[in-house]
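Have a look at the structure below and let's walk through it together, a piece at a time.

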Amino acid sequence: MAQSAAPAPAASTAIPAVAPISLKEIAPWALFVGILMLVLLYFVGAEQGATSVISGENVHEWVHDGRHLLGFPCH
Amino acid sequence: MNSISVRALLVRGMLAGLAAGVLALVVAYLLGEPHVDSAIAFEEAHSPHDHGGGEDPVSRTMQSTAGLATGILVYGVALGGIASLVFCVALGRIGRFGPRATAALVSLGALVAVYLVPFLKYPANPPSVGDPDTIGKRTALYFLMIALSVLLAVAAVILGKRLAPRLGNWNATVAAGAAFVVAVGLAYAFLPSVNELPDDFPAGLLWKFRLSALAMQLLLWTGFGLVFGHFAERLLAPRAGAPGEKARTAAPAS
């Protein structure tokens, strides 16, 4: 079922209504801002739980309720 | 599209994520917090679980207000930013969808891949559910499940695109969706289960806590899809908007 498709005529995948943004333009934003966003998610979701970058428990305690309600394992 | 689009979409994605985070925060405060408090009351009554000795560094009042807001708003902004980058890639590549419809589909996909699929295997737990000694294992499994789910969702979209010329758009989408469900089912079957529920923990409380966690995510992603879709439509197709939308063209949010 997952064979790679032969280059078929683009009959059903019609011309897109909106021109795609080239991946080269997205890449730098995705790399730098994407990683920054993932770091933010790490601090909300996991810091001072399984792993700690900052010592103590203040980060964990501060976002404690959000962590539980957002579905992250807390303690 | 010039490169200003990516930056402009990213900024709008983070703003839409903030707005969606506010919606989720309201639900979390009104629906979720009472259950967190009940669960903490259970914890203190049944198994005096020490948070590290002495007094807690952050009071319950701060945890349930400013702390909760910090967590949820940062989560909203971060996922909004990432979702807007995914939108940049998806726009014009997943079929004949305009900016608004693409935003709605990206939000739906994010809800399913980032939250719903991991939630069905490793659901959100209130305080006192979960053994503190296994936090490392549970954290690793949860993030592994998210990563796997996102990768499988991306693979399903690529598969659907490749099948579309042969099967037609509808059948290709159904086939890719079925492949995703089968792959997720296999992941569920092979990843270890976690069951660390205290014996006498109230079932009703657990159910209501999880429902409120789910409601937050539903509102977060619905809000994000609608708000970001509106911004993206105005940014990318300013002339195609409805007649009532011409009032302002720049700076839609402040």
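Predicted model: local features only at pLDDT ≥ 70, side-chain atom pairs only at ≥ 80, totals over all residues.

You'll find Gln48(A) in the loop that runs between α1 and α2 (58-62) of chain A. There's something else to spot here: Gln48(A) isn't a glycine, yet its phi is positive, at about 60 degrees. Most residues other than glycine have a negative phi.

Ser128(B) counts as buried, because it has 22 C-beta neighbours inside 10 Å.

Now step back and take in chain B as a whole. Its secondary structure is 6 helices and 0 strands, so reading from the N terminus you get α-α-α-α-α-α. Of its 254 residues, 41% count as buried. Look at the contacts in chain B between residues at least 6 apart in sequence, and you'll see that 82% of them join residues at least 24 apart.

Chain B also splits into two domains. Domain 1 covers 1-48 + 61-129 + 199-254, while domain 2 covers 134-196. Their centres, taken over C-alpha atoms, are 21 Å apart. Where these two domains of chain B touch, domain 1 puts in 11 residues and domain 2 puts in 14. On the domain 1 side of that contact, there are 8 nonpolar residues, 2 polar ones and 1 charged one.

Two packed helices are described by the angle between their axes and the distance between the axes. For α2(B) and α3(B), the angle is about 125 degrees and the axes are 10 Å apart, which means α2(B) is oblique to α3(B). The crossing is right-handed. Ala83(B), Val86(B), Phe87(B) and Ala90(B) are the residues α2(B) brings, and they meet Thr102(B), Ala103(B), Val106(B), Ser107(B) and Ala110(B) in α3(B). Sorted by class, this contact has 7 nonpolar residues, 2 polar and no charged.

What about the place where the two chains come together? Chain B gives 62 residues to the contact, and chain A gives 47. Helix α2(B) gives the most to chain B's side, with 15 residues. Altogether, the side of chain B that touches chain A has 36 nonpolar, 18 polar and 8 charged residues.

Follow α2(B) across to chain A and you'll meet α1(A). Helix α1 (residues 23-45) of chain A and helix α2 (residues 60-90) of chain B have axes that come within 9 Å and cross at roughly 160 degrees, so α1(A) is roughly antiparallel to α2(B). This crossing is left-handed. Among the residues that meet here are Trp29(A), Met37(A) and Leu41(A) from α1(A), and Tyr75(B), Ile82(B) and Cys88(B) from α2(B). The contact of these two helices divides into 16 nonpolar residues, 3 polar and no charged.

Notes:
Residues numbered from 1 in each chain as written. Chains lettered and ligands numbered in written order. Domains from an automatic or database assignment. Contact = placed C-beta atoms within 7 Å. Nonpolar A, V, L, I, M, F, W, Y, C, P; charged D, E, K, R; others polar. Axes fitted to C-alpha atoms, helices over the stretch in contact; angles between N-to-C directions. Helix = DSSP H or I, 4+ residues; strand = E, 2+ residues; numbered from the N terminus. Parallel < 35°, antiparallel > 145°, perpendicular 65-115°, else oblique. Left-handed = near helix turned anticlockwise from the far one by under 90°. Buried ≥ 20, exposed ≤ 12 C-beta atoms within 10 Å, placed from the backbone.
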